[in-house]
Amino acid sequence: MKNTDYLSSWIKRFLLEYLISTRNLSKNTQHSYRDTFRLMLPFAANKVKKSIEILLVNDISNDVVKAFLLDLETKRHCSLSTRNQRLAAIHALAKFIGLNSPEHVEWCRQIQMIPFKKVAPTLITYLEKAEMDALLKAPNLATDQGKRDYALLLFLYNTGARADEAAQLTIGDLDMAYVPKRDFSIVTIRGKGNKLRRCPLWQQTVTELKELVLGRESSEHVFLNRCRDPLTRFGIHTLVKRYAKKIMSEFPSIEKKHVSPHTIRHTTATHLLRSGVDINTIRAWLGHVSINTTNIYAEVDLEMKAKALACCKVIDDDKPTKKWKDDKEIMEFLNAL
């Protein structure tokens with residue numbers, strides 16, 4: 001049996017060579033692919049009655065993959081989006097094997113014939129200006145933790161950064177202006193796939209961040225927890241949820257929006273759009289690769305839709321219109337044909 005027949009060797013090459021060296025995908029994406037195979041391999045091994053180490057590429061047949069996907073839906077109660085995400089990882093592995101091993105081209109074709117399930121698009125949620133202002137006022141500025149939390153919420157709203165991007169932010173990524181009235185303060189954000197983008201900072205954001213990083217090394221993370229360790233994306237998610245819950249009594253609509261750091265990202269994009277910022281500028285601001293991803297904010301903004309609707313005036317004319325059947329000239333014309 002050749003080494004290229006064993007599935008384990010291909011998975012190692014796929015994760016270490018293709019995802020990291022060739023595609024340069026982010027850590028979170030790499031983990032998503034890894035988790036797919038962590039779930040699939042034990043399932044397939046049990047299905048074909050083999051140990052994981054001696055599974056062959058051809059053991060992962062079309063039927064085995066379909067059974068695995070069905071198991072995700074029925075026993076693990078995964079959503080269709082998660083099911084499709086797992087299938088996308090399997091498709092990518094099959095394509096990688098097919099490109100590098102001609103004898104597995106037919107197997108690759110069989111795997112890639114497994115279709116994705118149609119998922120109803122979910123509308124993104126964002127906060128109205130009053131809701132966002134209330135969220136920013138929620139932290140207690142009399143405490144150090146409250147000041148950090150306010151700076152973090154303000155930073156997320158200012159930049160539209162993802163939770164992971166804010167968690168990775170170091171003091172060296174901040175470029176504070178020496179003369180605020182003359183120069184711009186800028187932050188360099190490392191996004192998905194290690195892509196860098198630069199965002200301007202409001203003076204209010206700069207003021208809060210300066211106080212937060214005062215006297216610290218440039219290599220340190222900006223946002224730290226009470227143990228002086230860097231905040232994780234999970235910690236940021238919990239922080240945002242906590243303050244959203246705090247203002248829920250004042251804004252009951254918050255409960256339906258399931259506020260998270262990504263909700264603030266959506267809020268930044270929507271408010272920029274309302275302010276008249278060009279959609280391509282917003283794309284660069286958020287770090288989107290495709291303009292189509294950014295266009296969803298134009299579709300969901302209810303305020304802009306309401307303004308557009310107000311421009312469509314309905315003509316209220318009480319004068320009865322003449323029916324074509326009562327028009328003798330047209331009837332004579334038709335009869336003469």
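These legends go with a set of close-up views of the structure above. This is a predicted model, in which local features need pLDDT of at least 70 and side-chain atom pairs count only at pLDDT 80 or more, while totals for chains, interfaces and linings use all residues. Residues are numbered from 1 along each chain as its sequence is written, and side-chain values use heavy atoms, with hydrogens and water left out.

**View 1. Helix H2 and what packs over it.** Helices here (H or I, at least four residues) and strands (E, at least two) are DSSP runs, numbered from the N terminus. Helix H2 covers residues 27–48, so 22 residues, and its first and last C-alpha atoms are 32 Å apart, close to the expected 32 Å at 1.5 Å a residue (that expectation is 1.5 Å times one less than the number of residues). Its buried residues include Tyr-33, Phe-37, Met-40 and Leu-41, where buried means under 20% relative accessible area, exposed over 50%, and partly exposed in between (1.4 Å probe, protein chains only). Helix H1 (7–22), helix H3 (62–74) and helix H4 (80–100) are among the elements covering them, going by contacts, meaning heavy atoms within 4.5 Å.

View 2. A pair of aromatic rings is described by the distance of the centres and the angle of the planes. Rings of Phe, Tyr and Trp (its six-membered ring) pair if their centres lie within 6.5 Å; planes under 30 degrees apart are stacked, over 60 edge-to-face, and the rest tilted. The whole structure has 9 such aromatic pairs. Trp-10 and Phe-96 have ring centres 6.0 Å apart and planes at 80°, so they count as edge-to-face. This pair ties together distant parts of the chain, with Trp-10 in helix H1 and Phe-96 in helix H4, 86 residues apart. Trp-10 is buried at 2% relative accessible area, and Phe-96 is buried at 5%. Ring pairs also bring Phe-14, Tyr-18, Tyr-33 and Phe-37 into a cluster with Trp-10 and Phe-96.

**View 3. Tyr-157 meets Trp-202.** The ring centres of Tyr-157 and Trp-202 are 5.4 Å apart and the planes sit at 70°, so this pair is edge-to-face. Tyr-157 belongs to helix H7, while Trp-202 is in the loop between strand E3 (196–201) and H9, 45 residues apart. Tyr-157 is buried at 8% relative accessible area, whereas Trp-202, at 36%, is partly exposed.

View 4. A salt bridge is a side-chain nitrogen of Lys or Arg within 4 Å of a carboxyl oxygen of Asp or Glu, and the whole structure holds 16 of them. In one, Glu-106 meets Arg-109 at 2.8 Å, N to O; both residues are in helix H5 (residues 105–112), 3 residues apart, about one turn of the helix. Glu-106 is partly exposed at 43%, and Arg-109 is partly exposed at 41%. In another, Lys-129 meets Asp-133 at 2.9 Å, N to O, both in helix H6 (residues 129–137) and 4 residues apart.

**View 5. Glu-131 reaches across to Lys-257.** The closest N and O atoms of this salt bridge are 2.7 Å apart. Glu-131 sits in helix H6 and Lys-257 in helix H11 (residues 254–257), 126 residues apart in the chain. Glu-131 is buried at 5% relative accessibility, and Lys-257 counts as buried at 17%.

View 6. Glu-208 is in helix H9 (residues 203–213). It is buried yet has no salt bridge, and the nearest side chain of opposite charge, Lys-147, is 7.6 Å away. For charge, Lys and Arg count as positive and Asp and Glu as negative; His and the chain ends are not counted. Leaving aside residues up to four places away in sequence, Glu-208 touches Tyr-150, Ala-151 and Leu-154.

**View 7. The nonpolar cores.** A nonpolar core is a set of buried Ala, Val, Leu, Ile, Met, Phe, Trp, Tyr and Cys residues joined through side-chain atoms within 4.5 Å. The largest has 51 residues, and those with the most contacts inside it include Leu-135, Phe-155 and Phe-223. Helix H7 (residues 144–159) gives the largest share of this core, 8 residues. A second, separate core of 34 residues includes Leu-19, Val-64, Leu-69 and Ile-97.
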